[in-house]
Amino acid sequence: MLGQGGVARPLPLSGSRAHPFLLSRDRYPASSRPFSHHVTLPVSLPPVTWGGSRRAGDGGRPGSAPACRVRLILLLLLPPLLPPPSPLGRAAGAAASRFQPYTMDWQPDEQGLQQVLQLLKDSQSPNTATQRVVQDKLKQLNQFPDFNNYLIFVLTRLKSEDEPTRSLSGLILKNNVKAHYQSFPQPVAEFIKQECLNNIGDASSLIRATIGILITTIASKGELQMWPELLPQLCNLLNSEDYNTCEGAFGALQKICEDSSELLDSDALNRPLNIMIPKFLQFFKHCSPKIRSHAIACVNQFIMDRAQALMDNIDTFIEHLFALAVDEDPEVRKNVCRALVMLLEVRIDRLIPHMHSIIQYMLQRTQDNDENVALEACEFWLTLAEQPICKEVLSSHLVQLIPILVNGMKYSEIDIILLKGDVEEDEAIPDSEQDIKPRFHKSRTVTLQHEEDRTQDDEDGEDEDDDDDTLSDWNLRKCSAAALDVLANVFRDELLPHLLPLLKGLLFHPEWVVKESGILVLGAIAEGCMQGMVPYLPELIPHLIQCLSDKKALVRSIACWTLSRYAHWVVSQPPDMHLKPLMTELLKRILDSNKRVQEAACSAFATLEEEACTELVPYLSFILDTLVFAFGKYQHKNLLILYDAIGTLADSVGHHLNQPEYIQKLMPPLIQKWNELKDEDKDLFPLLECLSSVATALQSGFLPYCEPVYQRCVTLVQKTLAQAMMYNQQPDQYEAPDKDFMIVALDLLSGLAEGLGCHVEQLVARSNIMTLLFQCMQDTMPEVRQSSFALLGDLTKACFMHVKPCIAEFMPILGTNLNPEFISVCNNATWAIGEICMQMGAEMQPYVQMVLNNLVEIINRPNTPKTLLENTAITIGRLGYVCPQEVAPMLQQFIRPWCTSLRNIRDNEEKDSAFRGICMMIGVNPGGVVQDFIFFCDAVASWVSPKDDLRDMFYKILHGFKDQVGEENWQQFSEQFPPLLKERLAAFYGV
């Protein structure tokens with residue numbers, strides 16, 4: 001949306017468009033996906049995630065007990081308090097006297113032991129009242145360090161007890177270790193460590209796994225250095241002829257390798273990997289598949305960091321992997337595939353000689369009967385697509401690969417059950433809170449409008465978000481679709497001969513699951529194969545629009561997404577041909593009776609709005625009727641997506657929304673929601689984002705609503721700052737505030753200032769916003785500073801009389817934030833300085849040196865993002881415009897990057913003021929431009945229609961230069977010009 005003077009300020013939408021597959025991989029790329037430490041317990045309790053960075057859901061480690069769930073009590077990450085010991089009930093009191101002094105053959109008091117066992121039994125009760133009692137008791141017991149001796153005793157020695165109770169005891173101990181291991185008395189810590197090592201070979205796989213988790217938790221508390229015997233003992237236990245001992249030790253080592261990989265490859269421990277890696281490699285040929293699997297998993301932890309000990313043994317490792325390629329055990333095959341995917345990223349040189357065989361192997365594994373193996377193998381294609389050799393090595397295999405990927409894109413039976421694919425109408429069922437992902441607000445970033453209609457390469461990119469609810473885990477369908485997407489971007493239209501014959505059969509298939517996968521395929525290739533698809537789109541788009549009315553909700557929802565991927569093409573055709581029918585059907589789907597379809601349609605419509613922009617103006621009344629009707633229909637989750645669609649509409653049609661009829665439709669439901677939400681409700685985020693876009697678009701049309709909205713935003717900022725101050729002074733007493741409330745409020749204030757312009761002056765006059773802004777500009781959180789500087793710039797443009805008295809305090813803060821490490825903060829600070837220049841005029845002189853050196857450094861910095869370069873160039877130009885004498889001496893240091901940064905910017909006010917500045921600086925210091933004059937000529941030629949007086953300035957500089965060097969030298973000089981540049985300068989300036 002083009003604001004005053006041509007500043008485009010898209011508000012990036014957090015958690016925006018739904019995307020059927022490109023989400024989870026971003027969270028867990030092949031190279032860094034954490035392995036699950038999820039050990040399952042055979043009791044009806046919810047799952048516990050082991051260790052710090054685990055994700056649940058790998059179904060437990062192979063060979064562990066049957067899958068099951070662990071009650072909330074297990075997640076009692078009670079930070080147990082440690083005042084002076086208080087007695088463990090009556091029995092514990094008796095025990096306490098016996099616990100002095102500690103000995104390694106510690107024995108529990110019988111009554112105390114029974115009390116602990118009863119507590120463990122009660123904790124497995126489904127009764128919430130019992131659960132509360134258990135939690136209170138645990139808090140009491142945790143004040144008494146000897147409680148930990150009881151817990152390890154139950155885990156390791158009390159073999160008469162059932163396994164779930166023993167394991168639960170270990171998990172509570174693990175949480176205690178995590179919370180305050182440093183406070184354990186030395187004898188307690190030693191007793192726990194000794195018991196772990198003595199019992200790592202327990203007969204039960206569940207107990208072995210629990211002890212392994214306890215060991216790695218202790219190790220991760222800085223104990224690897226303080227427990228020197230741990231690694232040697234575990235490595236020695238690998239040689240045991242007893243399977244349980246070997247497996248238990250390997251399980252513990254695997255967890256330590258996962259949690260402490262960097263430390264193991266450091267001098268701090270004398271590089272134990274030099275011994276461990278060769279040791280692990282010996283076990284690749286072990287007779288037990290569980291042991292083979294552990295061995296590969298251990299080594300795999302060190303691939304991405306290129307651990308030296310592994311690099312020294314890399315050929316042996318690869319040779320051993322190839323030997324295990326056809327292993328019967330799926331877990332072993334999965335780990336082999338995982339290793340090859342990572343090696344492809346870090347040691348492709350070692351794989352290239354075998355690439356043909358590896359590709360053939362991965363083609364087989366991508367079709368493995370075990371979906372976990374197939375998924376791991378499918379990652380290979382994603383990683384290969386990022387390698388320069390992809391095209392060369394994969395071209396001849398596409399004929400096999402493409403059908404395999406397409407086949408993997410079908411929903412499995414379990415997917416359909418999890419997605420409730422048979423439930424067609426669920427609009428009346430309220431959302432459960434866990435259905436709603438946390439939203440993170442993206443702060444306002446100031447950008448400039450380019451020659452092209454759309455802003456190029458948005459730095460942040462838009463997170464393609466996916467919402468398969470329970471399926472938001474990465475799965476084979478998503479991985480196959482993502483692989484097809486990236487390969488389409490590598491091979492472009494060369495992919496189509498392999499795809500088109502398949503597509504026809506899929507898209508018109510009578511089975512809905514097959515047809516749905518065909519629509520997904522079509523969406524996946526949209527970006528990469530767009531050019532080759534164009535001839536087929538006139539036939540395909542109407543078919544897809546028809547699929548929006550399919551009787552299966554999952555077909556309707558994927559059709560929404562795929563159509564959004566072709567929105568750019570749809571908009572490029574005459575509106576009546578495809579845009580109008582698509583818009584009509586999408587609006588019907590926004591009011592679908594299925595929540596998933598509502599969501600997909602809303603997201604697709606927001607994408608269409610971005611592409612169509614003012615093409616939608618004739619249909620605004622119809623669009624608003626639908627969106628407003630959806631307000632009364634939607635459950636909680638989709639309401640948040642509806643705000644996005646409304647905000648995007650406002651950004652897209654801009655001031656065309658400022659009609660009494662439209663305002664009357666749109667504003668009452670928005671203000672009603674605004675009034676319903678409390679200040680601490682996170683649903684305010686998307687609503688405030690939406691209102692910010694609406695306020696900017698409606699301009700004076702927002703005046704009747706502005707006062708309460710403005711006041712509430714100021715209150716939100718004030719509350720958050722006060723809470724932050726209390727937290728900083730007394731972190732034990734107060735919670736840290738959620739600063740997103742403040743960021744969103746600052747962004748809405750920016751929207752009001754931009755939309756209302758000078759009308760915002762009275763609101764600012766009656767509030768303490770400038771004082772609050774001074775605090776926000778110095779906040780430790782970059783996003784808060786980013787939004788503060790955007791607001792400062794907008795207030796500078798709207799009501800400078802209130803900003804001017806603060807300039808002396810604000811400028812040093814702006815100067816210190818010209819730090820390109822925080823790109824968006826730096827960008828907004830730079831833009832605000834430029835706006836202040838234009839208001840201050842010559843009074844800017846005392847502040848020039850505060851900012852100029854940093855700006856010149858940024859514009860000369862390699863790899864600086866385009867938006868930041870452009871804003872920096874504009875601000876340097878504006879500084880030169882108001883203070884040419886101060887800035888001109890540095891002209892030679894920035895003129896070349898300055899010219900190249902601004903040649904692609906559309907004619908507008910910012911560009912005008914910046915070029916006036918450069919002309920004035922050349923007048924003061926003509927020698928500063930001589931070496932790079934060709935770049936200045938090119939930048940001048942980028943103007944389509946400069947104002948007359950600016951054109952005169954260009955004319956004088958060009959002719960002055962020509963006259964000074966003489967006709968002959970000018971001819972030689974202008975020979976270097978590209979033909980187009982030569983023509984433009986001759987036509988416009990007669991040189």
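**Helix packing, core and loops in a predicted model**

Helix H47 passes helix H49 in a left-handed crossing. A crossing is left-handed if the near helix is turned anticlockwise from the far one by less than a right angle, and right-handed if clockwise. The contact is made by Arg896, Cys899 and Thr900 of H47 and by Phe935, Phe936 and Ala939 of H49. Contact means heavy atoms within 4.5 Å. By class, this contact of H47 with H49 has 4 nonpolar, 1 polar and 1 charged residues. Here Ala, Val, Leu, Ile, Met, Phe, Trp, Tyr, Cys and Pro count as nonpolar, Asp, Glu, Lys and Arg as charged, and the others, Gly among them, as polar.

This is a predicted model: local features need pLDDT of at least 70, side-chain atom pairs count only at pLDDT 80 or more, and totals for chains, interfaces and linings use all residues. Residues are numbered from 1 along each chain as its sequence is written, and side-chain values use heavy atoms, with hydrogens and water left out.

Two packed helices are described by the angle between their axes and the distance between the axes. Axes are lines fitted to C-alpha atoms, for helices over the stretch in contact, and angles run from 0 to 180 degrees between N-to-C directions. H47 covers residues 891–902 and H49 covers residues 933–941. Their axes come within 9 Å and cross at roughly 25°. The two helices are therefore roughly parallel to each other. Angles under 35 degrees count as roughly parallel, over 145 as roughly antiparallel, 65 to 115 as roughly perpendicular and the rest as oblique.

Now take another pair. The axes of H40 (residues 782–798) and H43 (residues 823–840) come within 8 Å and cross at roughly 20°. That makes H40 roughly parallel to H43. H40 also passes H43 in a left-handed crossing. Their contact has 9 nonpolar, 6 polar and 4 charged residues.

Step back to the whole chain. The protein chain has 52 helices and 2 strands. Helices (H or I, at least four residues) and strands (E, at least two) are DSSP runs, numbered from the N terminus. Of its 991 residues, 60% count as buried. Buried means under 20% relative accessible area, exposed over 50%, partly exposed in between (1.4 Å probe, protein chains only). Among contacts with a separation of 6 or more, 77% join residues 24 or more positions apart.

The largest nonpolar core holds 323 residues. Such a core is a set of buried Ala, Val, Leu, Ile, Met, Phe, Trp, Tyr and Cys residues joined through side-chain atoms within 4.5 Å. Phe702 is one of the residues that touch the most other members. The largest share of this core, 11 residues, comes from helix H37 (residues 740–756). Leaving aside neighbours within four places in sequence, Phe702 is in contact with residues including Met667, Leu691, Leu752 and Leu756.

Leu716 lies in helix H36 (residues 703–729). Leu716 counts as buried because its relative accessibility is 2%. Beyond four places in sequence, its contacts are Asp679, Leu684, Leu688, Phe741 and Ala745.

Finally, two loop residues. Most residues other than glycine have a negative phi. Arg271 has a positive phi, near 45°. Arg271 sits in the loop between H11 (261–264) and H12 (273–282) and is partly exposed at 30% relative accessibility. Arg306 has a positive phi of about 50°. Its loop runs between H13 (289–300) and H14 (308–311). At 44% relative accessibility, Arg306 counts as partly exposed.
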